[in-house]
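I opened this notebook to record what I looked up in the structure, entry by entry. The structure comes first, and my notes follow it.

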Amino acid sequence: MSSESAGLDLAFMALADPVRRSIIARLSRGPATVNELAEPFEISKQAVSKHIQVLEQAQLVTRTRDAQRRPVHLNPARLEALTAWIDQYRLVREEQFRSLDAVLESSAGQAAPKAKDRP
């Protein structure tokens, strides 16, 4: 398995959890501390820290030190890489649907009776 494939697996497994997706959504508005990230959840700060560790391992978030604070930041480059991976398959499917639409449109045009052919 390639390192890119392993990285994708880690990222998608990390995003499979609703708490971690909520953390990502919150971080999309800006950096936050563990305490700030834990506020909306009815789980311990320690549990939130473990979720953050999973997101860090998947390279979806990073932590920095700001005096006494250790804010968590979203890694937009990693999210962009996931989006690019998804987009390559989306674009292929869209082209297939466009081709199917063209075939159906062509078939419908040939099958439709003309106004002068109707009784």
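This is a predicted model: local features need pLDDT of at least 70, side-chain atom pairs count only at pLDDT 80 or more; totals for chains, interfaces and linings use all residues.

Which residue forms a salt bridge with Arg-90 at 3.1 Å? I found Asp-87, with 3.1 Å between the closest N and O atoms, where a salt bridge means a side-chain nitrogen of Lys or Arg within 4 Å of a carboxyl oxygen of Asp or Glu. Both residues belong to helix α5 (residues 76-111) and stand 3 residues apart, about one turn of the helix; helices here are DSSP runs of H or I with at least four residues, strands are E runs of at least two, and numbering starts from the N terminus. Asp-87 is partly exposed as well, at a relative accessible area of 25%.

I then looked at Glu-95 and Arg-98, whose side chains meet in a salt bridge of 2.8 Å, N to O. These two are also 3 residues apart in helix α5, so about one helical turn separates them. Glu-95 has a relative accessible area of 43% and is partly exposed, and Arg-98 is partly exposed with 47%. Salt bridges link Asp-87, Arg-90, Glu-94, Glu-95 and Arg-98 in a network.

Is Phe-97 buried or exposed? Phe-97 lies in helix α5, and its relative accessible area of 52% makes it exposed.

The closest N and O atoms of Arg-63 and Glu-56 are 3.3 Å apart, and the two form a salt bridge. Arg-63 is partly exposed at 24%, and Glu-56 counts as partly exposed at 29% relative accessibility. In total I recorded 6 salt bridges in the structure.

Where does His-51 lie? I placed it in helix α4 (residues 45-57), and with a relative accessible area of 13% it is buried. Setting aside neighbours within four places in sequence, His-51 is in contact (heavy atoms within 4.5 Å) with Asp-17, Val-19, Arg-20, Ile-23 and Ile-43.

As a general point, most residues other than glycine have a negative phi. I noted Gln-59, in the loop between α4 and β1 (61-63), with a positive phi near 60 degrees. I noted also Ala-67, in the loop between β1 and β2 (72-74), with a positive phi near 55 degrees; Ala-67 is exposed, with a relative accessible area of 61%.

I counted 5 helices and 2 strands, which follow the pattern α-α-α-α-β-β-α along the sequence. The radius of gyration is 24 Å, well over the 14 Å that the globule rule gives for 119 residues, so the chain is more spread out than a compact globule; this radius is taken over C-alpha atoms, and the rule is 2.2 Å times the number of residues to the power 0.38. The C-alpha trace spans about 85 × 35 × 20 Å along its principal axes. Of the 119 residues, 24% are buried. Among contacts with a separation of 6 or more, 49% are between residues 24 or more positions apart.

Notes: Residues are numbered from 1 along each chain as its sequence is written. Side-chain values use heavy atoms; hydrogens and water are left out. Buried means under 20% relative accessible area, exposed over 50%, partly exposed in between (1.4 Å probe, protein chains only).
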